[in-house]
Structures are given as structure tokens and as C-alpha cells.
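Here are a few exercises to work through with the model open beside you. Try each task before you read its solution.

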Amino acid sequence: MSDEIERNKKQAVIRGFMLKCPSCGVGKTLHKYLKVKDNCDHCGIDLHHASVDDGPAYFTLMVVVGLILPFLPIIYANYDPNPLLVAFALMGAATVLALWLLPRTKELLSNLVFEYCWSCGDLVGVCGFDSVFERDACDDFCEVVKAA
Ligand SMILES: [Zn+2]
């Protein structure tokens with residue numbers, strides 16, 4: 001894997017976590033909390049190809065549980081709190097963390113989908129091939145499209 005692929009993925013992840021456009025890094029791509037806009041406000045790139053389905057929910061769940069769950073043994077080893085109080089406190093913390101993290105996870109995954117294709121320069125979702133694993137297929141596809 002070359003440095004360019006790594007740089008693009010790092011850039012996509014950072015821009016996604018900052019809720020920014022995968023192309024220009026300036027425009028916001030979400031509206032109504034989790035709805036992806038059709039086009040970027042700044043550069044106008046098509047964004048409606050992003051389909052991350054339930055991925056953001058699963059990743060958010062894993063992160064929230066991974067961050068909240070370790071507090072249980074720490075709390076009960078050091079204190080003797082009311083279990084109901086602990087349950088409500090951790091549920092509240094998990095809810096706030098999930099609501100904050102979910103749009104960032106969705107944008108992060110959407111930006112990875114929008115990583116530019118290596119061969120043709122189109123968006124991966126546009127040319128239909130994964131840029132890393134199906135590079136040769138994309139080369140063939142692009143040659144066919146350019147020849148037509
Ligand atoms: Zn943009």
C-alpha cells in the first residue's frame with residue numbers, strides 16, 4: 001500500500017470526524033443530524049452516493065460500550081454506590097456519548113466511501129470499484145468507458 005492511499009484515508013477519516021466534506025474539507029455534508037446532503041455546500045461534489053447503511057450505528061455502539069463498560073468494575077471496586085444510581089449515570093453518559101459520536105462516525109464512514117478512485121479519478125461510488133482491492137477492475141472499466 002503506497003503513501004498516497006494512506007494519506008487519503010487519513011485525510012478522509014480526519015475530515016469525517018470533523019464533519020467536513022471528503023473532497024474540499026470545508027463544506028458540511030450532513031443536515032438534520034444524520035441526513036447526507038445531495039451536494040457539498042462549498043465544492044458541489046455529489047454526496048448522495050454514500051451508503052453506509054447501519055455501519056455508523058454498529059461502530060458507535062462498539063465505541064460507547066468500550067468506553068463505558070470499563071467504568072463498572074472501577075466504580076464498584078473503589079466505592080459502594082447505589083446500583084440504580086450507577087445504572088442511570090452510565091446510561092446518561094452512554095446516551096450523550098452516542099448522540100455526539102453517531103454523526104461523526106457516519107461522516108467518517110461516508111468519507112471513506114468517497115475516497116477517490118486511483119485509476120480514473122472518479123469517486124469510488126461513481127465508478128463502482130473499490131480503490132484499494134479492485135484497482136485492476138477499475139482500470140479495465142475505465143478503459144472501456146473511455147473507449148466508448
Ligand atoms: Zn466539498
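**Exercise 1.** Work out whether Leu19 is buried, partly exposed or exposed.

*Solution.* Start with the cut-offs: a residue is buried if 20 or more other C-beta atoms lie within 10 Å of its own, exposed if 12 or fewer, and partly exposed in between, with C-beta atoms placed from the backbone. Next, count: Leu19 has 16 C-beta neighbours inside 10 Å, so it's partly exposed. Then place it: Leu19 sits in the loop between α1 (3-17) and β1 (30-31). Finally, check the backbone: its phi is near 65°, a positive value in a residue other than glycine.

Two ground rules before you go on. Residues are numbered from 1 along each chain as its sequence is written. This is a predicted model, where local features need pLDDT of at least 70, side-chain atom pairs count only at pLDDT 80 or more, and totals for chains, interfaces and linings use all residues.

**Exercise 2.** Which face of α2 is buried, and what does it pack against?

*Solution.* 
- Length first: the expected span is 1.5 Å times one less than the number of residues. For the 14 residues of α2 that's 20 Å, and its end C-alpha atoms are 20 Å apart, which agrees.
- Now list the buried residues of α2: Pro56, Thr60 and Val64. Seen down the axis, they fall within an arc of 55° (taken from the directions from the helix axis to the C-beta atoms), so they line one face of the helix.
- An α-helix has 3.6 residues a turn, so residues three or four places apart point the same way.
- The face turned away carries the exposed residues Tyr58, Met62, Val65 and Gly66.
- The buried residues pack against α4, where a contact means C-beta atoms, placed from the backbone, within 7 Å.

**Exercise 3.** Where does α4 bend?

*Solution.* Helix α4 (residues 83-113) has 31 residues and reaches 42 Å from first C-alpha to last, close to the 45 Å expected. The bend at a residue is the angle between axes fitted to the seven residues ending there and the seven starting there. By that test, a kink of about 30° lies at Leu101, shortly before Pro103. Beyond it, buried residues of α4 include Thr105, Leu108 and Asn111.

**Exercise 4.** Where is confidence lowest, and where is it highest?

*Solution.* pLDDT is the predictor's confidence in each residue, from 0 to 100. The chain mean is 78, and 71% of residues reach 70 or more. Helix α5 (residues 124-127) is lowest, at a mean of 48, while α2 (residues 55-68) is highest, at 94. Residues 125-133 stay under 50, yet the model has 25 contacts for them beyond four places in sequence. Where pLDDT is low, the predicted coordinates should not be read in detail.

How values were computed. Helices (H or I, at least four residues) and strands (E, at least two) are DSSP runs, numbered from the N terminus. Two residues are in contact if their C-beta atoms, placed from the backbone, lie within 7 Å.
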